[in-house]
Amino acid sequence: MKVLLIEDEKTLAESISLYLGQEGYICEVANGFIIGDEKVQVADYDCVLLDITLPGGNGLDILNNLKKKKPGAAVIIISAKNSLDDKVKGLDLGADDYLTKPFHLSELNARLKSVIRRRSFGGGNEIIFNEIKVSPADAVVTVKEKSISLTRKEYDLLLYFLANTNRVVTKESIAEHLWGEEMDGIDSLDFIYSHIKNLRKKIMEKGGDDYIQTVYGMGYKFAKK
Amino acid sequence: MKLLTRTNIFFVGLTLIVFTLGGTVFYKTFRNITREDATERLQDEKTKILTYVSSHQSLPQNTISLGDTVAFYQVVAPATEKTGRTKFLNPSENEYEPYQTLEFNVSLKGVNYRAVIFKPLIEADDLQHAIFQAIAIVSLILVIVMVLANFAISRFVWKPFHRTLEKIKEFDLAKEGSVSFSKTSIKEFSEMNAVLETMTNKIAADYKNLKQFTENASHELQTPLSIIQSKLELMIQAENLSADQMEEVRVVYEATGRLSKLNQALLLLAKIENRQFVETKQVALNEIVESKLNAFEELIKHKNLSVERNIEPVTLQLHQTLADILLSNLIGNSIKHNIEGGRISIKLNKESLVISNSGGQISMLPHELFHRFRKASDASDSLGLGLAIVKEICDAYGFDIQYMYANMVHTITISF
């Protein structure tokens with residue numbers, strides 16, 4: 001999987017590419033408008049992560065140029081501007097997703113996987129983790145071939161974990177992923193805990209293993225023991 | 001007190017003082033003049049009497065003229081000449097009247113006589129009365145003229161001043177960039193206008209810079225915050241951290257998250273203040289209310305809250321994001337600051353939005369609730385900016401917002 005990161009802030013680009021590298025992606029970095037614009041024209045990427053405010057130009061122009069040439073290209077905008085207009089404009093131009101800085105790397109990773117998954121056809125759509133199988137197209141989850149019924153939040157939580165397996169996922173990033181900004185200022189730990197308890201119970205009821213480990217104070221980790 | 005009233009009082013007071021002093025001086029002078037005159041005429045009469053005595057060799061039998069009275073009486077030895085004043089009862093008016101007197105010696109055929117001439121003077125009472133009357137009339141006329149003149153002057157001369165005052169009263173820093181005053185030919189006022197114009201322009205420019213600065217600063221903070229957060233996330237993944245180190249990373253991570261939220265809230269506030277949410281459209285508030293209640297459903301269930309809805313379809317010309325934030329903050333608050341098993345009531349109609357929730361008393365004054373960084377308790381997780389943002393959004397659209405607490409119920413009313 002090849003990903004292009006167009007981001008002028010070098011340290012941030014480093015962190016992102018390191019995290020994505022650990023996830024098995026090949027992550028190229030372009031630090032400016034011209035190089036970014038050039039790269040997307042020349043090479044093919046599974047996904048482009050695009051910052052809007054770049055020295056030398058507006059990231060939306062790169063998006064525009066890219067979509068003219070390769071309408072099918074996957075793009076996630078990562079912007080420091082929490083501006084609805086930019087978001088609408090970006091999505092109108094054909095971006096797949098929009099993420100506002102600062103974001104959790106685990107969130108970026110989940111979004112990236114989801115975008116790539118949606119674009120890959122033919123069988124590759126299913127997410128498999130040992131005995132757990134999720135088919136996102138029809139939102140069906142099976143454990144040892146037996147289907148389990150999850151609530152919307154439990155399903156989202158499972159997908160989030162599966163996108164970030166073997167990694168510590170912080171409770172803040174889970175809260176933001178499940179509820180967005182609405183839960184700001186609310187101690188959401190109780191809610192996360194109850195969803196995790198239910199999810200764990202439902203998986204284990206069908207003979208699945210308990211993969212959800214608690215990382216004290218920090219969050220959770222979905223991993224083989 | 002109006003300037004005009006004060007000037008008038010001052011003028012009237014001054015007039016009274018001047019005329020009292022003037023009257024006294026006038027009275028004294030007039031009295032002295034009459035006395036001197038009387039003394040001179042008494043001397044005349046003395047000369048006439050002495051002439052009469054020496055030519056007729058007898059005392060005059062009747063008063064010579066002028067209604068003055070002359071009396072002679074015999075004395076042993078001549079005394080010096082003497083002037084004086086005395087009073088006699090006037091039987092017809094039954095009051096004492098003043099007389100100027102002159103006593104002198106007359107010698108006739110070796111006999112010494114003392115002659116006394118009594119000359120009636122103007123009564124002091126009459127004199128004072130006349131002078132007082134004259135002065136009172138003059139001062140009254142003067143005061144009336146002055147007051148009228150002041151009114152007229154104030155009408156015309158102070159007109160530019162009042163125009164400037166009106167302009168300043170209407171001036172709103174948040175709305176207008178600068179203010180300009182109408183021209184005036186009066187030097188003081190045109191100077192004042194110039195000073196005010198420079199001052200307001202400077203204030204407006206500073207204000208604009210400050211707002212811009214807040215926004216830029218918040219915006220610039222986002223990038224380093226992103227870096228810190230991403231580095232911490234990478235650190236968390238490290239397998240070789242000790243429990244103590246992990247705990248420290250956790251504390252830093254949480255603080256960073258908080259800082260980042262705070263920064264976003266401040267940035268939002270600055271953007272609303274700078275009127276950057278200009279693109280408005282017809283927004284169905286009732287739909288947003290429903291969707292927010294949906295989003296908060298878990299929380300509402302968790303706290304066992306009962307929600308009373310009285311929602312009519314209402315469409316307003318707003319910015320989508322701001323409408324969203326407004327309702328999210330208000331409904332979120334009504335849940336967060338509620339009690340276990342409490343109630344929420346949401347009333348929405350064309351005139352207003354009323355959201356009330358049960359909850360304990362807060363230690364703040366109602367108007368302080370909308371100030372930045374005001375929190376019900378220091379321990380709470382909230383940033384203390386939610387209601388400040390709500391207030392700012394209401395201000396941006398000219399909505400009136402009121403807070404009330406009664407019978408364990410907090411109510412926020414927004415009038416459109």
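Two strands pair if DSSP finds at least two bridges between them. Helices (H or I, at least four residues) and strands (E, at least two) are DSSP runs, numbered from the N terminus. The model is predicted: local features need pLDDT of at least 70, side-chain atom pairs count only at pLDDT 80 or more, and totals for chains, interfaces and linings use all residues. Residues are numbered from 1 along each chain as its sequence is written, while chains are lettered from A and ligands numbered from 1 in the order in which they are written.

**View 1. The open sheet of chain B.** In chain B, five strands with mixed pairing form an open sheet in the order β6-β8-β9-β11-β10. Its edge strands, β6 (306-311) and β10 (400-406), each pair on one side only. On average, neighbouring strands are turned by 10° against each other, direction ignored (axes are lines fitted to C-alpha atoms, for helices over the stretch in contact, and angles run from 0 to 180 degrees between N-to-C directions).

**View 2. Strands β9 and β11 of chain B.** β9 (residues 352-358) and β11 (residues 409-415) of chain B run antiparallel and are joined by seven bridges. H410(B) in β11(B) is the bridge partner of N357(B).

**View 3. Helix α8 of chain B on the strands.** α8(B) lies across β8 (343-348), β9 and β11 of chain B, at about 15° to β9(B).

**View 4. Chain B against chain A.** In contact (C-beta atoms, placed from the backbone, within 7 Å) are 35 residues of chain B and 27 residues of chain A. On the chain B side, α4 (187-237), α5 (243-273), α7 (297-302) and α8 (320-336) each supply at least two residues. α4(B) gives the most, with 13 residues.

Notes: Two residues are in contact if their C-beta atoms, placed from the backbone, lie within 7 Å.
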